[in-house]
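User: I would like to learn how to read salt bridges and nonpolar cores in a protein model. Could you take me through them, giving the general idea and then the case at hand?

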Amino acid sequence: MGAAAEPREPSTIPGMSRPRVYLETFGCQMNELDSELVAGQLHALGYRFVDGPESAQVILYNTCSVREHAEQKVWSRLGELAIRKQDDPALVVGVLGCLAERDGVALVKRMPVVDVLCGPGELDKLPALLDNAYRTRRSLLADRLTATDADRRSASQIALQGNSSRRSATLAAAQDSLEMLDLSRATSPLDTIDDDHPTAGAVRKRSAYVRITRGCNKFCTYCVVPFTRGAEVHRPPEHIIDECKKLADAGVVEITLLGQTVNHYRFEHGAAVTIGGVVQPQKGRSYAGGHRRDPFAGSNVTTFADLLSRIHEAAPTVERLRFVTSYPRDFGDDVLEAIRDHPRICRYLHVPAQSGSDRILKLMNRGYTVSEYLEFIDRARGFLHQPEKGRPLSLSGDIIVGFPTETDEDFAATIALVERARYKNCFIFKYSPRPGTTAYDKLADDVPDAVKRARNNAALEVQSRISDQLSREAIGQTFDVFVEGLSRMEEKKRERPAKACGGGVALTIGGNVIHSHAGVASGDEDDGGCSTRAVEAPSDEVSGTTQLSGRTDGDQIVFFDLPSGASADELVGRIVPVRIERVQRLSLFGRLCGRAEPVR
Ligand code: 5AD
Ligand code: SF4
């Protein structure tokens, strides 16, 4: 797939003219990016994207299995499709992502409506799988003439990493075909993957995710990610920088670098493997933590701090460079210095603590103590909290309540940590036992659900108070705000469903379609996965004017009215100055300052 590839009739789908695809995404930013790449790839092959499942001939769910709630949504969608397939046996159904990888063929056995299973490490194979699935469905349909129940049989096209997900050194040196999916990313200045609304989709894309690391080596005992996404591998810096430059040339002004433990990024050039002229991603090195600077830094190594500096330099039109999610241990001063010294790197860190009890942290295998975590927070604030210069540091966290054996004392320690950390927002999750994890195998889920719920609510209350206090400090201040679009309230007023990811790629949280970059529910377990941006809180304003929403450098959500005479299209995707007049929990309400024109 080339960047400027014209849609063509897919050679891969014989007899099926430009199949209509509906792709729905659950979960984290990594999944959002995967969906965007998959959509780009299929679009270039001639598939058309539609924004609802009704008219689709191919329905794909990109799934999340980080908590049970995220999975249930998918199961219920599949149940509905099983009924639909009785009348529409040619329908091709695919489950992509973490749920596919975790459950494997058992998923197809349970839900034969599923024709294609594709793990997150195999997404480059999706076009071939869909092609085979389509052919197989056609032969099943032919068989139906001879009394086979086509609607109840899966086409069984499966690509999973399976046991090789923990790559050995040898496997790591083999060609990483997934890298080709990242490399083939379409960075056309116009985002046109919207076949239902070709003109609506033809807007400049101003905000983008760029993957720098895949997988995770941490094995927190509650977490499925190391099993579903495999071992940590780092992309070559040249690929990342090139992608950032291309996105910048296409008009992107905000880039969020993605990795499960993003600050662990390191590329050792001396150990690089090149296959077919393409430098391959490199397996992450395990080492005892606790350092203040990357111990491997040197002329032949690109550290995370180096990478940030290089992107900052190479893409000067990118006004905002962010990264998620950071692992609190091993967060070096070198990275903090890079953030401090580069004005376009946002002063925003998402650094999950998970618990405030040392005993629970140990059971979680988090690899740090509460005092080490707090030392990091203080150090980060020492380097980066400069409100007097208009550059405060904004922190967000994740907390799990009700982990096995968690007592009232452990929970009280977590509340103390939340009070001390003063997060801008904190995502609070009830522990959800995940098959395949160590906690699932070794620790009974012994905290009753009512207790989990009560702790969840209590922690949310504390965090709400802190968020509210921090928001109040913003009153009277002027912030540069990256305008993301119409506020949710405005969308509702216009009865226009928010669309996402270039059309036909709906991002859903708890079954609700959300903005592509508006983020997700803060601190509850009802979200579809593990995205790490606070949700746009419903605005209580009902006015005759148009309300826009955007974000500060510190990721605070800002609402403001479009001044009369200005057009929303002109401002969306721009950074504009907004003076804050009042606040409501996580949301700041303000007025566009001075001129109606964007500052950038
Ligand atoms: N139960 C509850 N929360 C979990 N998370 C990850 N796994 C689980 C689980 N089994 C949360 C962690 C993580 C976020 C992405 O999701 O807080 O940081
Ligand atoms: Fe999961 Fe994050 Fe722990 Fe990795 S570091 S195992 S992704 S919680």
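**Reading salt bridges and cores**

Analyst: In this predicted model, Arg-292 and Asp-333 form a salt bridge whose closest N and O atoms are 3.9 Å apart. The pair joins distant parts of the chain, with Arg-292 in the loop between β16 (282–283) and β17 (301–303) and Asp-333 in helix α12 (residues 333–341), 41 residues apart.

User: Are Arg-292 and Asp-333 buried or partly exposed?

Analyst: Such a reading rests on relative accessible area, where buried means under 20% and exposed over 50%. Arg-292, at 39%, is therefore partly exposed, whereas Asp-333, at 11%, is buried.

User: With which residue does Arg-185 form a salt bridge at 2.7 Å?

Analyst: The partner at that N to O distance is Glu-243, which lies in helix α10 (residues 237–249), 58 residues from Arg-185 in the loop between α7 and β7. Arg-185 also meets the side chain of Glu-36 in a salt bridge of 3.2 Å, N to O. Arg-185 counts as buried because its relative accessibility is 5%, and Glu-243, at 7%, is buried as well. A network of salt bridges includes Glu-36, Arg-185 and Glu-243.

User: Which residues touch the most other members of the largest nonpolar core?

Analyst: A nonpolar core is a set of buried residues joined through side-chain atoms within 4.5 Å. Here the largest has 94 residues, of which Leu-78, Leu-257, Phe-323 and Leu-349 touch the most other members; helix α14 (residues 370–384) contributes the largest share, eight residues. Apart from this core lies another of 33 residues, including Leu-60 and Leu-96.

Technical notes:
Residues are numbered from 1 along each chain as its sequence is written. Chains are lettered from A and ligands numbered from 1 in the order in which they are written. This is a predicted model: local features need pLDDT of at least 70, side-chain atom pairs count only at pLDDT 80 or more; totals for chains, interfaces and linings use all residues. Side-chain values use heavy atoms; hydrogens and water are left out. Buried means under 20% relative accessible area, exposed over 50%, partly exposed in between (1.4 Å probe, protein chains only). Helices (H or I, at least four residues) and strands (E, at least two) are DSSP runs, numbered from the N terminus. A salt bridge is a side-chain nitrogen of Lys or Arg within 4 Å of a carboxyl oxygen of Asp or Glu.
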